[in-house]
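Here is a short briefing on one protein chain. Look over the sequence and the model first, then read the points below.

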Amino acid sequence: MSFDLSSQFRPRGDQQQAIDQLVRSLEAGNRHQTLLGVTGSGKTFTAANVVAALNKPTLVISHNKTLAAQLYSEFKQFFPNNAVEYFVSYFDYYQPEAYIPRTDTYIEKDSSINEEIERLRLSATSSLLSRDDVIVVASVSCIYGLGSPEDYANMVCPVVKGQKISRELLLAKLVDMLYERNDLALTRGRFRARGDVVEVHPATFDEEAIRLEFFGDEIDLIARFDPLTGQPMERLDRFTFYPAKQFVTPYEKMQRALKAIREELDERVKWFEAHSKFLEAQRIKMRTEFDLEMMQEMGFCSGIENYSRHLSGRPAGSRPYTLLDFFPKDFLLIIDESHATIPQIGGMYEGDRSRKTVLVEYGFRLPSAMDNRPLNFQEFMEMVHQILYISATPAAFEIQNSVVGNKTYIPHSRSRIGQPETEPALIPMLTGRSEATLAVHTPGTRLAAQQIIRPTGLLDPKITVRPLKNQIDETIELCRHRTENAERVLITTLTKRTAEDLTDYLRDVGLKVRYLHSEIDAIERVEILRSLRSGEFDILVGINLLREGLDLPEVSMVCILDADKEGFLRSQTSLIQTAGRAARHVNGEVVLFADAYTDSIQKLIAITEFRRAKQIDYNEANGITPTNVSRAVQESLHTLLRGRELEESLVREGGGDFNVTEVLRELEQEMQVAAANLEYERAALLRDQIMELKNGTGLAKIEPKRRPVKYGGGKQRRSLKPRKR
């Protein structure tokens, strides 16, 4: 199978030279390569061309679920005839298990699994086992533990027309693959048997099912049909059923695992008793024996992932199986927004370990639970063969490895911009003072490529530096001039208090303005950005949220207050990313208020001047007139307002004497549809509204209680605000 790139677009600007450089580097066997692409230059289209040229299974990692959904949609359009899959955390919300010794509080694991995302995850793993033309777009959840690929592949059940197999044996195999029998409702992950007809709804299918008809012990017909109407859609010669869950364990392995868990439990109890920790000994004994009984009788238990090392038969301390194990060894890894994604990958391991260390120490989990973890950075890098970093502001780690690293890599902890021994090699890429002619490992190849020319002909925004004195008054005049032309303005400050005070001041002088910072939840944040684009207000004041991932074509000016206060919020990366928000408008301009030219400001100006000169020369040579980016404003999230009004009117007018069940059912259906369409902000909004409606009517108080804790010691917190993951 090969990748078939389907697009009405053709490489424009310097996209073709970037594609050629990266393909030559990858074909030469180089391990690290970087694509430095300015905002709006079509980096995803370039990456799609690289994938099509290399023809290798590809994993694309993004640091953000929403950005991953956007990439998934784009790659799906570029490769309609290939398997483009989506792999992110399947929790709508997730509250990890934890214990707080200081207050003696045990926090039970709580989560809500999104069935549609679970289906997409299963589809990703099954595609990797069955075909080569696979692109998986994932979040950093791809470095968390999964079941063994070997066990998953061994549990596959292929069927062929004319195959000799008894109906009872097929049903037994489906049960082993964790399918559930339900003769009434045929939903995903279930099957039903009626006479010689067996109907299965594969876990990887959405709106289709498979019908098998037997003639004695022979499969006489295999057909794809609509489970809602029962109408056949297509006859098949063969079909392969994949497990209904990603954590599947053969019976023999399960029995060995139960024995190993019991042996570890006995050792742990003896250790606690030898150290006079009798409460912890009793706690771990009762908890683990309960889990063992559940696994023996039901095949699973709550928190079964904590026994993953025993279930997969791995030695103590070994790394877990992850999505990367389902890929062949020679696959391509693309890391989008690498300056943010790489640190996120590196930080997952320590956070997980610190939480589980406390659970093990106080007898809530066996020590083997420590092996249910994400990959550490060293393990992650050892599992990947070739990497393409993509960012408008690649960090030192990416560039240093693209310059000097071929078979090995420079550890992330030692990659810091500003080190004297590395600064000269970084100057071309970081300052833009000259073309990036980086280290060449093979004649004719370069391990880093720049993509500066935009297909729209737009230039990088102008950079203007003004003194700090009277910066507020000058900002007001600049805003008035832009708003008169129906253009939008972003203003960045250093603190939340400053953002709020400045918003009040600008509103008092007659400007339509709002602020945005971390205390505003994700749903309201989306609505604020939509309102800015639609013209409900003209000016948005923020801190550090106006960076990568924001697509605001109506913004023509960015004002950066106190730009000379060197630090994280005024670093080179932050300034470049913030300035990029004005790069989608033909009148784009960035105004820095500063009394001193810091190193970050100097590099921003140098990069911008270099890029603008190259962009202007290209436009003049090719007769291109810059045009604004045009993109439709998304529909408003009216659900919150409608839900609140509905709740208030029902409670007020009905006096509480009404059936709220139908209202909740309607909202839950809308939430599931939004999640299926990867509209996470809308789904989270509906979830919050359901909770508000339940609390307002008292329904939340009569929900079934969870199983109480059976061991002594430790208070249990049963109701916490769900935390997104």
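Val134, Val136 and Ala138 point one way from strand β8, Ile135 and Val137 point the other way, and all are buried. Buried means under 20% relative accessible area, exposed means over 50%, and partly exposed lies in between (1.4 Å probe, protein chains only). Strands (E, at least two residues) and helices (H or I, at least four) are DSSP runs, numbered from the N terminus.

This is a predicted model: local features need pLDDT of at least 70, side-chain atom pairs count only at pLDDT 80 or more, and totals for chains, interfaces and linings use all residues. Residues are numbered from 1 along each chain as its sequence is written, and side-chain values use heavy atoms, with hydrogens and water left out.

**Strand β8 and its partners**
- β8 covers residues 134-138 and is mostly covered, with 5 of its 5 residues buried.
- Strand β2 (residues 58-61) pairs with β8 in the parallel sense over 4 bridges; two strands pair if DSSP finds at least two bridges between them.
- Ile61 has Ala138 of β8 as its bridge partner.
- Strand β3 (residues 83-87) also runs parallel to β8, and 5 bridges join the two.
- Val84 has Ile135 of β8 as its bridge partner.

**Strand β19**
- Both faces of β19 (residues 448-451) are covered.
- Ala448 and Gln450 lie on one side, Ala449 and Gln451 on the other, and all are buried.
- Strand β1 (residues 32-37) pairs with β19 in the parallel sense over 4 bridges.
- Thr34 has Ala448 of β19 as its bridge partner.

**The sheet from β10 to β15**
- An open sheet of 6 strands runs in the order β10-β11-β12-β13-β14-β15, with mixed pairing.
- β10 (180-181) and β15 (232-236) stand at the edges with a single partner strand each, so one side of each has no neighbour in the sheet.
- β14 (residues 218-225) and β15 run antiparallel, joined by 4 bridges.
- Phe225 stands opposite Pro232 in β15.
- Helix α6 (residues 167-176) lies across β10, β11 (190-194), β12 (197-201) and β13 (209-215).
- α6 runs at about 165 degrees to β11; axes are lines fitted to C-alpha atoms, for helices over the stretch in contact, and angles run from 0 to 180 degrees between N-to-C directions.

**Whole chain**
- The chain has 21 helices and 26 strands.
- Of its 725 residues, 53% count as buried.
- Among contacts (heavy atoms within 4.5 Å) between residues at least 6 apart in sequence, 74% join residues at least 24 apart.
- The accessible surface comes to about 32,800 Å², of which 49% belongs to carbon and sulfur atoms; areas come from the Shrake-Rupley method with a 1.4 Å probe, and for residues only the protein chains shown count as cover.
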